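Open your viewer and get ready to select. We will go from a whole chain down to single residues.

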Amino acid sequence: MDKPEDEKYWSSSATKGFDFNSEENEYSDEIFGATPWQTAQLSKQVQQQQNIPQQSSPTSVAHTKLSVSLSSLSTSSNSSLKFTVRQPSKQCEITCKLLSSTVNDETVSSPKDVVRSIFLGMSYDLSCFKKLNDKIVLLDEAVKFGDSDVICAVLLFLQKSLHHLVLFSLLKERHVAAREYIAILEKQKCFKEAAMLCTELQNSKEATIHLYNSCLREGEQNLQLLLEQINKNELKNLKQIEVEFEVIKEHIQLLERQCPIAGSRSRPQQPEKENDRTSPFVGKSVSVDNLVGSSLLSTLQYCCRYNWDAPENLLASPMGLKKTFRLTERQFVWNAFIGRILMNEDPIQILLVKGMFGAPKISANLSISRILEIASNLNGKPNLFDQLLPLTETSEKRYQLAKRYQRHRIVIDVLISNKDRISLLQYRDSIDDQREIDYINNTLRVSSTRWKN
Amino acid sequence: MSDNFRARDIALKAQKKILSRMSTKGVAKVFVDDRMGSLLDNVYRLCKTYTQNKKESEKIVKNIIKIVTKISLLARNEQFTQEELATASDFQNKFHKAAKTVISFFEVDFSYDQKFLTQLLTECRNLLKQIVQRHLTDKSLGRIDLVFGFFSNPAFLDIVFKKNSEYNEIMSKIISDMHSALDQGELCIFGTDCFSVSKIKNNIVFNEIMDIENLRQSSQFRLLSLLTKIAPNGVLKDLVIHEDLMKPIDLVSGARLLRERGVDKMFKLSSVAPPWKNSVRLYLIPSIYAVAENVAWHLKQSETDKMIAYHIIVVPKVLNVIHSVFESLGVLDFVTLHSYSWDFIPLDSNLLSLEFHQFFNASFLKEENSLLTSVAKALMSFECLFGKFPCVTTLGEKSHRVHKLLGTWQGEIRPPFPEESDFTHLIMIDRNIDFASLLLTQLTYEGVLDENLKLKSGFVYLDTDGAEGSQRLMLNSTSDEIYSEIKGKHISLVFQHLSKKAKELQQRREIKNTDSIEEMKVFVSHDLKKIQSQQKYLALHISACEMVMKRQAGILEELLGLQEDVMSDSKLKEYLLFLEDSIARQFDFYAILRMVCLYSVMEDGLPEKEYQFLHRQLLQAYGYRHLSTLHYLQRLGLFRQRDSKSLSLEPLLPDRLARVAQVTSLKSERVPFRKICQRLNLFPQNESSDANSSAKSGQHPSYVFGGIYTPLIYQLVEKCLKEKEPNLGDFARCFGNNLRIGDYSHPQWGARGKILVCFLGGVTLAEAASLDLLSRQLGRHIVVATTSTISGPALMESIACPNIDT
């Protein structure tokens, strides 16, 4: 600050309204090691030295000046002060420039030109679009032009210069721009705002997805907590999201179980050997390390492996999972079967149910050929094949499967029941299991059989 | 008429002017090829060594380039008269002779004859001046004099051809370049420097149709000149490159040319800063926000040193959102952003790709269309090389927008287009018009490789993990003869072909063993190499087949049967049961999603109960986090609930009323996909019993999907190319406003030019194969251009990814 102005301030503040009788002043003096009265005196002296006439108060100065200048405008000849056009002071010049530039600000450059400049990558200035209506025209022009990057440039400007509620109400009627804006918000990780905009656009399903994704992005640690939060707060206000709501609720329920289940099994000293028994027809099984975050069925399969006998009231109980999540019989049987086989247990009890007239039947109508395929991929025990093959519907199919999995006795039995002597002989030559060869020979020796060939 | 001519003259003048301002080696490379670049470098060095004057040598090389480009320009615009062309042919022969002479003099000791060569060169100069006299200014003619004068200078020639002189090394390089040119059959000769002119001459006389490879050169030129612009070639630069861009950049320029431009160390972009070596540091990244943001944060945290300059090259464009992230992090003080957009990259003889892998998800899923402009720009660039497309047909909203943007670009840039159009048709289609081609299993060899081994910019990796250094197979029919024979074949015929080929190659080897020594020499130097390289390729193809068989054993057949059922609208209960059963045991997620989507697309959405059921089963089996995956599929119209309203009244109404009803609701009413298939005849008629065999033999386009479906694009292109008037009524009825047909009164509509078919959002190789078939059937050249290649599994994988970055 310039010195003279400094002094002016002190003097004017002193004259403006110091009342030595007022109580307030007693607290506020001597800031600079002098009482206000002292400073006022000092300033008086200084001003007198500079020949500046002391004025009563700054406001009154402005008023008089203004009145003078105004009068000079109307009747310049009467003016007591002389305004010379030729020699404006430096300060005046600056003021003029400032003034004229504010005037320039009022003129809005053509939105069409600006949009084109953005498109061509030339320099542009959006700051002149101040009024809401100008902004709307600009946005519409950008949309009309057709280049999305131009629309984005305008949207980024609007994001900075408009309250989001105002912007949302604009976007409500402009679908193309709204989609671009949602994409921008997603990139900026403003999922809550994206969700709000979607709600504005009557798209509550998408809003839910944005909220849900925002939780997933945060990582596994706090996922359960975050999901519970959106469940309690944002989702409550959305309509027509019954399906999504249900899914998120189930997800929370699953997470509630997974942590204790993973924690309950003491980790083996050495890292678990990666289970290399896989089948192209089933998914990869999970280990204790990646249980948390795995799917419901993977969790079920895990529980079938390590907590098969857990009573229903425990979190890790397979039956408990089935009930809580209303799993279908098919979902349960497949995963129980795979889980037991991987533990080298006999899965036959899971697969068989009592059918009509007490005859055993495959539960959930699973296909036997598929079961056997998977069992063979996962190194299932042979007796499983012997137990399941007799249940195939036709002998032809039984023959095919038995041959494929080399269950010789079953192949032979089918051939015998078909009275196909030639095939039997051929089969005898193709195998080297002495017991089965003997079995064939014994059968052929029986003279009562009436072979068809 | 006369007006027209004048305008052309002006345009030409402008082009000449522009070129004269940009006479760099790079520009010349647009017109000539790679070898030329290295040749010019060596010539420059030769001159410099001789004159010891940098300026003068530069001037000579610059003059060569100027002459070359100007003549090429004249040639392209067909400014030469018949007479001049005849002279050009004479010049060509003389030049040929001069080049051979140079080689012989250098290689055969004591054969150098200065007078002979000087005379030859003088004759060449006179012929050349005669050709261009009418077209170029005196100044240009002066340039020709200068160049020829320099090289026919006896003192220069004497010292250059002197044995064991300091020029020997450079000369041997030049000679070897000339040799390799001869080996390639390009007898247009690069001799010393001015020989480049004859290359252009060659273009005039023999090479009227420009090669598609020019696209590559145009991309290359722009990349290299950007690098030079960032820092002169002499300044060493470090380059960090994003994984997705490595293959495309390799295809555009190759590492050697980058090194010539001063690129020193190259790193793959990773989460940690590379061990920088130089102070000019480049990043080459795709215009994906998350990638850009990571780089920006990286730079934010790195120490700022005023001596270090960072340059980020964004492909294809520095989008405004990307600029904003760099700006907001306050790194623009030491970081400069550059846009680089390549042209369509030739992946195979008839397949061009922009390699924008994020395009589908950005445009169709998120409806952010910033990349459309870059596609339009690439198309305009294409037009600059091959002429404007007189007839444009678009099917789909994005295609229409790209077409409009193409017009905008043309209006803004007003580039000089060649007079003649090589390509008479541009047919553009949105990926979401025909989802079936994406969801059905592709059964051509290349399609199967893509689905199982993930084709990446023309390469597949033959190890399951695709790790660095694993065996890779480049799928390009121009370099791999075996691939060109089998790529479009139905897979059931591939192995047969390969084993036949193996026997053949073995035989060719054995027969040759008994030949005479002379023949043996020829055989060893020519055939043997070829046979060996073919055997190498053969082994790679066989191991690729084995990998696919291992993956698909016991699965493929069942899936194909089910697909056939769903396409013919039969046994849907069993289809649904299969889905339920497979989902319960967590069968391959992407395969399941494809089947679910195919079901939904063909049934025009699922009934509420079925939809809810599958939705629930999928999430329970594969994880609740796929809630968003299923939501995205729904938004794309791939897996959705049937609208209760869309119960069409059409079958109940008399035909005429139905048509009226349809016309009035053309915009809002979406025609169910099955109906589209029926109207457009996309389900092949299986009247004959041998339908299956004809499908496999590749006579009918549906063979690419095992005879159950004809790609929609095949029908569209075929109908568009119907003589005189396109027969697109059925398409208009199916797609209403989405179909925009160009002006088919245009005289070029019936012309038999080439056709560019452009896919927005990706093309499957099966579709490309069906267009190859059409091309053979019609005897017309069809080129496929796409934003990227795509396959069903790749699409599902990208949608199921937790963060879809665009």
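Start with chain A, which has 24 helices and two strands. Keep in mind that this model is predicted. Color chain A by burial. Buried residues make up 40% of its 453 residues. Now show the surface. Chain A exposes about 27,000 Å², and carbon and sulfur atoms supply 51% of that area.

Most residues other than glycine have a negative phi, and most peptide bonds are trans.

Select A:Arg326. Look in the loop between helix H16 (318–324) and helix H17 (329–342) of chain A. The phi of A:Arg326 is positive, near 45 degrees, and this residue is not a glycine. Is A:Arg326 buried or exposed? Its relative accessible area is 53%, and the cut-off for exposed is over 50%, so A:Arg326 counts as exposed.

Move to chain B and select B:Asn681. This residue sits in the loop between helix H31 (673–679) and helix H32 (691–697). B:Asn681 is not a glycine, yet its phi is positive, about 65 degrees. Its relative accessibility is 39%, so B:Asn681 counts as partly exposed.

Last stop: B:Pro316. Find it in the loop between strand E4 (309–315) and helix H15 (320–328) of chain B. What kind of peptide bond joins B:Val315 and B:Pro316? The bond is cis, with omega about 0 degrees.

Definitions and conventions
Residues are numbered from 1 along each chain as its sequence is written. Chains are lettered from A and ligands numbered from 1 in the order in which they are written. This is a predicted model: local features need pLDDT of at least 70, side-chain atom pairs count only at pLDDT 80 or more; totals for chains, interfaces and linings use all residues. Side-chain values use heavy atoms; hydrogens and water are left out. Helices (H or I, at least four residues) and strands (E, at least two) are DSSP runs, numbered from the N terminus. Buried means under 20% relative accessible area, exposed over 50%, partly exposed in between (1.4 Å probe, protein chains only). Accessible areas come from the Shrake-Rupley method with a 1.4 Å probe; for residues, only the protein chains shown count as cover.
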